[in-house]
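Here is a short briefing to read alongside the model.

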Amino acid sequence: MTKKKLTTASGRPFAENENSLSVGARGPLLLQDYILHEKMAHFNRERIPERVVHAKGSGAFGTFTVTNDITKYTKAKLFSEIGKQTRVFLRFSTVGGEKGSADSERDPRGFALKFYNEDGNWDLVGNNTPVFFIKDPKKFGDFIHTQKRDPYTNCKSPAMMWDYWSLNPESLHQVLILMSDRGTPFGYRHMNGYGSHTFSFINDNHERFWVKFHFKTGQGIKNFVDAEAAAMKSQNMDHSQQDLLDSIDNGDFPKWNVKVQIMPETEAVNYKINPFDLTKVWPHADYPLIDIGVLELNENPENYFQDVEQSAFAPAHIVDGIGYSPDKMLQGRLLSYPDAHRYRLGGNYEQIPVNKCPFMINNHQRDGKMRVDGNGGKSPNYFPNSFDHIQADTSYKEPNWPLDCSLADWYDRNSDGEDDHYSQPGSLFRDVMDDQAKQNTISNIVGAMSGINGPQKQEIINRQLCHWFRCDPQLGAGVATGLGIDVDQIMSGLPKHQE
Ligand code: NDP
């Protein structure tokens, strides 16, 4: 192998890399040892701000292959013909823990995808659950605080978590999924992914369809039971990372079957549930899954920081043929995700190779921190101009979006018709879970709620118990028994409107 000279970042060859410049063998150091400064200074700057949520993650590149013709729903070039392949990057993550936290924590998992498409990058920023804890983005910061550390103890606080969940019954569906064994997946390969939000498809005839995305694991669902997840925390904090990395390195490429649910635009108005409510699913019986393709991960990033840590996904990044919806959480994320990236990585974060669209990018954005792509060279930095012939293309215009002309107000997210927090989780517990799954879920809830402490302990427990009972009496009774609580006493304490 040819020898290479060791250099500073500016290219100056080092004469010495292990001993600092000192006055005499045992004397003080000289300020002019620039190489020493550079090594220490760069080291001090190695960490970038950790993501406030989804800090601990793993990622890989791969391909999405179309297996079914869905061009009657969308003109997105990604889906233009069966067999078409698109390069993707997928970052998995836990949500609440810090960057050094354990992969096997009970937590939802992030499932964030970037499709490198000729019409721009499409980011589908989902989770391993089809629903979420809240349905209005104004509540996000408060909710996440309860999943983080207590401001006084600096410890995680079951009291904060259950206080919040019990005061926000719309969280029940997601909390039930979190408390089932799907809250502790064996690893990233063995879980489903969901786009979660409702998005839109637009076809060549300018017709709009509402759409939900599902990624069904080809490896089969595999979860840790609570005790196994706890044990894995001490055995290997990075179990999911290791599992994903090893499987791809060994040529065992994980796959997901990609499916959609489609709702014609006008059906949304009269559908029995609000189809834009992120705490609800669309039952499969009403909107069956339609196959669209296969996702395969087949390439580990060469360098974790470069590709996984610096990757940045935003649901705002859509492509022609795919659009947004009135889902309030989605609307909030359209703003907050790019904003988070501009803070964490800088205004030019989309120039970082993993985030960069490998196809055309033409605009008049210039300058800013870490502008490293030539900055547009001599070309004009304003629009309109007489030189570069860069124009908007009206063929990319979305069809008009009919919105009702209600009065602007702070509408109650849980008003009449929006307040059934119990039917869907009830159906999950009663109709979908087998006896073992029910038993494990109850046991996981009891374990988690047993950690509630402090002066409001009984109030919080009672309030949450009411929700479990309203979800399903067997579930409520199981949790109450597990917590050693007298059910009759609780029921007699219920406020009138909850009876
Ligand atoms: P189905 O019987 O058609 O589907 C049940 C779904 O539940 C399957 O997708 C299954 O995933 C999933 N599932 C099984 N166990 C769990 C769990 N512990 N946590 C989360 N998901 C789980 O029923 P419906 O469509 O009528 O929905 C019934 C309930 O199932 C819903 O209220 C919701 O709680 C849950 N569900 C529904 C989904 C939907 O989009 N309709 C998606 C996911 C969950 P798999 O097939 O991979 O085993």
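A polar contact here is a pair of N or O atoms within 3.5 Å. With that cut-off in hand, look at His-173: an N or O atom of the His-173 side chain sits 2.6 Å from an oxygen atom of the ligand, so the pair counts as a polar contact. Please keep in mind that this is a predicted model.

**Around the ligand**

- The ligand is surrounded by 18 residues, and the closest are His-173, Arg-182, Asn-192, Lys-216 and His-284.
- Arg-182 places a polar side-chain atom 2.9 Å from an oxygen atom of the ligand.
- Trp-282 takes part through its backbone, where an N or O atom lies 2.9 Å from a nitrogen atom of the ligand.
- The ligand on its own exposes 790 Å², and 76% of that is buried by the protein.
- What kinds of residue make up the shell around the ligand? The shell divides into eight nonpolar, eight polar and two charged residues.

**Where the shell comes from**

- Three elements each supply at least two residues of the shell: α4 (172-179), β7 (208-217) and α10 (423-432).
- Helix α10 gives the largest share, with four residues.
- Why does the ligand lie between domain 1 and domain 2? Both domain 1 (31-359) and domain 2 (423-493) give residues to the shell around the ligand, so the ligand lies between them.

**The two domains**

- The domain assignment of the chain gives domain 1 as 31-359 and domain 2 as 423-493.
- Taken over C-alpha atoms, the centres of domain 1 and domain 2 are 29 Å apart.
- Contacts between the domains involve 24 residues of domain 1 and 21 residues of domain 2.

**Pro-425, a residue of α10**

- Pro-425 belongs to helix α10, and its relative accessibility of 2% makes it count as buried.
- Neighbours within four places in sequence aside, Pro-425 is in contact with Leu-172, His-173, Leu-176 and Cys-471.
- One of these partners, His-173, is also among the residues closest to the ligand.
- Pro-425 and Lys-280 are 145 residues apart along the chain, while 9.1 Å separate their C-alpha atoms.

**Backbone details in the loops**

- Is Ser-196 buried or exposed? Ser-196 counts as buried, because its relative accessibility is 8% and the cut-off for buried is under 20%.
- Ser-196 sits in the loop between β5 (193-194) and β6 (199-202), and its phi is near 65°, a positive value in a residue other than glycine.
- Not counting residues up to four places away in sequence, Ser-196 touches Asn-127, Thr-129, Pro-130, Lys-212, Phe-213 and Leu-278.
- Asn-154 likewise has a positive phi, near 60°, and is a residue other than glycine.
- You will find Asn-154 in the loop between α2 (140-147) and α3 (158-167), where Asn-154 is partly exposed with a relative accessible area of 49%.
- A cis peptide bond runs from Phe-383 to Pro-384, with omega near 0°.
- Pro-384 itself lies in the loop between α9 (328-345) and α10.

Methods
Residues are numbered from 1 along each chain as its sequence is written. This is a predicted model: local features need pLDDT of at least 70, side-chain atom pairs count only at pLDDT 80 or more; totals for chains, interfaces and linings use all residues. Side-chain values use heavy atoms; hydrogens and water are left out. A residue is near a molecule or strand if one of its heavy atoms lies within 4 Å of it. A polar contact is a pair of N or O atoms within 3.5 Å; within protein, one must be able to donate a hydrogen and the other to accept it, and residues adjacent in sequence count only if both atoms are side-chain atoms. Accessible areas come from the Shrake-Rupley method with a 1.4 Å probe; for residues, only the protein chains shown count as cover. Ala, Val, Leu, Ile, Met, Phe, Trp, Tyr, Cys and Pro count as nonpolar, Asp, Glu, Lys and Arg as charged, and the others, Gly among them, as polar. Domain bounds come from an automatic or database domain assignment. Buried means under 20% relative accessible area, exposed over 50%, partly exposed in between (1.4 Å probe, protein chains only). Contact means heavy atoms within 4.5 Å.
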